[in-house]
Amino acid sequence: MKKLVFGSFAAVLALSACGAEESGSGSSEGETSTLTVGASNIPHAEILEQAKPILEEQGIELEIETYQDYILPNQDLESGDLDANYFQHTPYLESQIADHGYDFVSAGGIHIEPIGVYSQDYASLEELPQDATILMSNSVADHGRILAMLEAEGLITLEEGIDKTTAETSDIVENEKNLQFDTEYEAALLVQMYESGEGDAVLINSNYAIDAGLSPMEDAIALESSDSPYANIIAVQAGDEENEDIQALVDVLTSQEIQDFILEEWNGSIVPVEQ
């Protein structure tokens with residue numbers, strides 16, 4: 001009796017499997033695939049939400065996993081929990097590859113988040129006093145970006161001929177105001193430091209500023225130029241940049257519809273990459 005029941009159960013399983021194979025082996029029309037992308041809450045996840053229905057029309061179900069830090073999204077991409085992530089710019093990705101040996105590449109640049117200078121006490125960079133304390137992220141990948149911005153504003157001069165994307169405070173050769181750089185803070189904590197009045201000026205990434213209710217265009221006393229090379233990218237494991245779903249994602253995110261949404265939603269605080 002046990003053998004008969006087992007045999008019948010096995011037959012049902014076999015028939016079920018055959019049915020599944022037949023249903024999945026026909027025309028690709030009507031089939032859907034799932035793409036899981038890790039992203040920072042703002043603006044990345046919000047931009048992805050706008051892309052979601054467009055991708056759905058193409059048969060791609062977009063699942064968005066949100067993160068509050070810059071470490072886990074790359075770890076989860078490496079483990080395969082994510083198909084792609086969308087939160088970082090190329091210099092940061094390169095530093096993570098150097099530190100952790102990730103085999104990641106960029107599938108395309110989407111937007112730029114200008115870093116802003118914020119101060120509770122001063123209305124412009126010119127007003128910063130001698131020996132002013134400048135608080136900035138402990139992410140070395142952001143240091144060159146910030147220092148290049150401050151050099152462009154005339155506050156410091158960096159050593160001639162260096163790669164400014166990798167510049168550090170030790171590369172400053174002129175510093176007339178003798179600015180004191182404190183680089184010990186997690187990027188996510190800088191808004192809190194600003195709101196509590198610490199430091200004379202605080203450098204904050206726009207995604208954290210906007211998430212905390214700040215307007216980079218209105219609240220920052222200086223803002224990184226919109227022609228910044230620090231575009232936020234879709235990062236994938238090497239080889240996946242040729243994946244059709246990944247290419248469809250990048251195409252949608254760089255479409256006129258999504259670019260217009262970025263400009264209208266953030267009024268210049270977030271800038272789409274020119275295609």
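Q: What covers the buried residues of helix 4?
A: In this predicted model, the cover includes helix 3 (72-79), strand 3 (84-89) and strand 4 (104-112). Helix 5 (140-152) and strand 12 (231-237) also belong to it. Contact requires heavy atoms within 4.5 Å.

Q: Which residues of helix 4 are called buried, and why?
A: Pro-91, Tyr-92, Leu-93 and Gln-96 are the buried residues of helix 4 (residues 90-100). Buried means under 20% relative accessible area, so each of these four falls below that limit.

Q: What backbone angle is found just after helix 4?
A: Gly-101 follows the helix with a positive phi of about 75 degrees.

Q: What makes strand 12 mostly covered?
A: Six of the seven residues in strand 12 are buried.

Q: What is the strand order of the open sheet?
A: The order is 2-1-3-12-4-13, six strands with mixed pairing.

Q: Why are strand 2 and strand 13 called edge strands?
A: Strand 2 (60-67) and strand 13 (271-272) each pair on one side only.

Q: How do you know that strand 1 and strand 2 pair?
A: Eight bridges join strand 1 (residues 33-40) to strand 2, and the two run parallel. The threshold is at least two bridges, so this is a pair. Thr-34 stands opposite Glu-61 of strand 2.

Q: At what angle do helix 2 and helix 9 cross, and with which hand?
A: The axes of helix 2 (residues 41-57) and helix 9 (residues 244-253) come within 10 Å and cross at roughly 115 degrees. The crossing is right-handed.

Q: Which residues does Phe-181 contact?
A: Phe-181 is found in strand 9 (residues 180-185). Leaving aside neighbours within four places in sequence, its contacts are Ile-134, Met-136, Leu-147, Leu-150, Ile-156, Thr-169, Ile-172 and Asn-175. Each has heavy atoms within 4.5 Å of Phe-181, so each qualifies.

Q: What is the C-alpha separation of Phe-181 and Val-202?
A: The separation is 10.0 Å, for residues 21 apart along the chain.

Q: How many helices and strands does the chain have, and what share of residues is buried?
A: There are ten helices and 13 strands. Buried residues make up 46% of the 275.

Q: What share of contacts joins residues at least 24 apart?
A: The share is 75%, among contacts between residues at least 6 apart in sequence.

Q: Where does pLDDT stay under 50, and what is the chain average?
A: Residues 1-27 stay under 50. The model has two contacts beyond four places in sequence for them. The chain averages 88, and 89% of the residues score at least 70.

Methods. Residues are numbered from 1 along each chain as its sequence is written. This is a predicted model: local features need pLDDT of at least 70, side-chain atom pairs count only at pLDDT 80 or more; totals for chains, interfaces and linings use all residues. Side-chain values use heavy atoms; hydrogens and water are left out. Buried means under 20% relative accessible area, exposed over 50%, partly exposed in between (1.4 Å probe, protein chains only). pLDDT is the predictor's confidence in each residue, from 0 to 100. Axes are lines fitted to C-alpha atoms, for helices over the stretch in contact, and angles run from 0 to 180 degrees between N-to-C directions. A crossing is left-handed if the near helix is turned anticlockwise from the far one by less than a right angle, and right-handed if clockwise.
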